[in-house]
Amino acid sequence: MNKRKISCTQLEKFYYYAFPMQAVLVTCKDKDNKTNAITIAWHCPISKKPPLYGISVAPNRYSSDLIKKSKEFVINFLPFDFVEKVNFCGTHSGRNVDKIQQSNLTLIPSKEVTTPSIQESYSILECRLKESISLGDHTFFVGEVVNISSDEDAFLEHVLENKHIQPTFYLGENIYTTIGHSREEF
Ligand SMILES: Cc1cc2nc3c(=O)[nH]c(=O)nc-3n(C[C@H](O)[C@H](O)[C@H](O)COP(=O)(O)O)c2cc1C
């Protein structure tokens, strides 16, 4: 069988070749308890026991300072219907704009951390900062997941019900997509 030729490309764009990745809104709060939301595509589960989740944040982001100081963050998974708001929070800084107010997102109290969550999410991971690791040009914030909330019909036995929920995926540049309803079960 002929293998399709794969050409070399610019190394500094390596991460484009891992897309699509889910774009999430990470909430964090300042010293006056004002909430900010940053869009993050570089995020991943790290450990089951203890439950650890990581986000990679550039140090010049306003949210980076907030997370370092408050030692908390919340991962909010938004359905594709909210893609415009997800894009807005990834293209504006909380230094200059109240992104929650401008994008009309609804804050709700979290259960285990003092940083609020976003009501429009279909699932929410509340994290307490465990480690901040400076890696290259980003800081990898490792959070211990201390609470999970999700919409009742979003998951069945922890598996996403993709006939009900359309997650928000990022393809790079200003392009987003979602998944269809098809699935294979083995
Ligand atoms: C879809 C998307 C994904 C993004 N992913 C990341 C990311 O993983 N890490 C990061 O540091 N910035 C990421 N950004 C950029 C920040 O969201 C953006 O710089 C934001 O304005 C920072 O907000 P802040 O200054 O309020 O923290 C992403 C932007 C978009 C649009």
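Colleague: Which residue just after helix 1 takes a positive phi?

Modeller: That's Lys-71, with a phi of about 60°. Helices (H or I, at least four residues) and strands (E, at least two) are DSSP runs, numbered from the N terminus. Residues are numbered from 1 along each chain as its sequence is written. Keep in mind that this is a predicted model: local features need pLDDT of at least 70 and side-chain atom pairs count only at pLDDT 80 or more, while totals for chains, interfaces and linings use all residues.

Colleague: Which residues in helix 1 are buried?

Modeller: Ser-63, Leu-66 and Ile-67 are buried. Buried means that 20 or more other C-beta atoms, placed from the backbone, lie within 10 Å of the residue's own; exposed means 12 or fewer, and partly exposed is in between.

Colleague: And where do they sit around the helix axis?

Modeller: They fall within an arc of 95° seen down the axis of helix 1, so they line one face of it. That arc is taken from the directions from the helix axis to the C-beta atoms.

Colleague: What covers them?

Modeller: The cover includes strand 2, strand 3, strand 5, strand 6, strand 9 and strand 10 (138-150).

Colleague: Switching to the core, how many residues does the largest nonpolar one have?

Modeller: It has 32, and Leu-25, Val-26, Ala-37, Phe-73, Val-74 and Ile-75 have the most contacts inside it. Among the elements that each supply at least two of its residues are strand 2 (24-29), helix 1 (62-70), strand 6 (72-77) and helix 2 (83-89). A nonpolar core here is a set of buried Ala, Val, Leu, Ile, Met, Phe, Trp, Tyr and Cys residues joined through C-beta atoms within 7 Å.

Colleague: What does Phe-73 touch?

Modeller: Leaving out residues up to four places away in sequence, its contacts include Val-26, Ile-55, Ile-67, Leu-129 and Phe-141. Contact means C-beta atoms, placed from the backbone, within 7 Å.

Colleague: Which residues come nearest to the ligand?

Modeller: Tyr-62, Ser-63, Gly-90, Ser-93 and Gly-94, out of 21 around it. A residue counts as near if its C-beta atom, placed from the backbone, lies within 6 Å. Ser-63 is also one of the buried residues of helix 1.

Colleague: Which strand gives the most to that shell?

Modeller: Strand 3, with four residues. Strand 5 and helix 1 each supply at least two.

Colleague: New topic: what is the strand order in the open sheet of three strands?

Modeller: The order is 1-13-14, with antiparallel pairing. Strand 1 and strand 14 are the edges, each pairing on one side only. Pairing needs at least two DSSP bridges between the strands. Gln-22 stands opposite Phe-169 in strand 13, and Tyr-170 stands opposite Tyr-176 in strand 14.

Colleague: How many residues lie between strand 13 and strand 14 in their hairpin?

Modeller: Two, and Glu-173 in the turn has a positive phi of about 50°.

Colleague: Last one: how many helices and strands does the chain have?

Modeller: Three helices and 14 strands. Buried residues make up 29% of the 186 residues.

Key. Two residues are in contact if their C-beta atoms, placed from the backbone, lie within 7 Å.
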